[in-house]
Amino acid sequence: MLRGTINSINNVDQRKSAEICGKVKRILVDYEDLLQEADYALLAYGYLKTAEYMKAIEFAEEYLGLKEPTIQGVTNRIDEILEKARAEQEKAKEEANRSAIAIGED
């Protein structure tokens, strides 16, 4: 649902923007326990794509620890978080590969 919401944000009008903001709020309420920092970054990105810049900044301050309350600051923080998540995924893949190799050698 999260990825579908983010992917639907290409060309949005005012009505669509309000609908997306409602979906984001519902995700925050219904799935709060399951969300990780990268998920919050994607939600902040959703606000940026719907031209809800103040909401994006406020959201990033609350959920992402944004220190520079600007659109560029939000973008930089999102990039930082997603890069960290990618690095963690790569590390996990490497560890899984090493484990598979070690099991194959036994």
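1. Glu-83, at 47% relative accessibility, counts as partly exposed, a class that lies between buried (under 20% relative accessible area) and exposed (over 50%), taken with a 1.4 Å probe and protein chains only. Arg-86 also counts as partly exposed, at 47% relative accessibility, and it forms a salt bridge with Glu-83 in which the closest N and O atoms are 3.3 Å apart; a salt bridge here is a side-chain nitrogen of Lys or Arg within 4 Å of a carboxyl oxygen of Asp or Glu. Both residues lie in helix H5, 3 residues apart, about one turn of the helix. Helices are DSSP runs of H or I with at least four residues, numbered from the N terminus.

2. The model is a predicted one, in which local features need pLDDT of at least 70 and side-chain atom pairs count only at pLDDT 80 or more, while totals for chains, interfaces and linings use all residues. Residues are numbered from 1 along each chain as its sequence is written, and side-chain values use heavy atoms, with hydrogens and water left out.

3. The side chains of Arg-77 and Glu-37 meet in a salt bridge (3.0 Å, N to O), and this pair links distant parts of the chain, with Arg-77 in helix H5 and Glu-37 in helix H3, 40 residues apart. Arg-77 is buried, with a relative accessible area of 18%, whereas Glu-37 is partly exposed at 30%.

4. Helix H2 (residues 14–30) has 17 residues and should span 24 Å at 1.5 Å a residue, which agrees with the 24 Å between its end C-alpha atoms; the expected span is 1.5 Å times one less than the number of residues. The buried residues of H2 are Ser-17, Ile-20, Cys-21, Val-24, Ile-27 and Leu-28. Seen down the axis of H2, these buried residues fall within an arc of 120 degrees, so they line one face of the helix, the arc being that of the directions from the helix axis to the C-beta atoms. On the other side of H2, Arg-15 and Val-29 are exposed.

5. The largest nonpolar core has 24 residues, and those touching the most other members are Leu-28, Tyr-40, Leu-43, Phe-59, Leu-64, Val-74 and Ile-78; such a core is a set of buried Ala, Val, Leu, Ile, Met, Phe, Trp, Tyr and Cys residues joined through side-chain atoms within 4.5 Å. The elements giving two or more residues to this core are H2, H3, H4 and H5, and the largest share, 8 residues, comes from H3.
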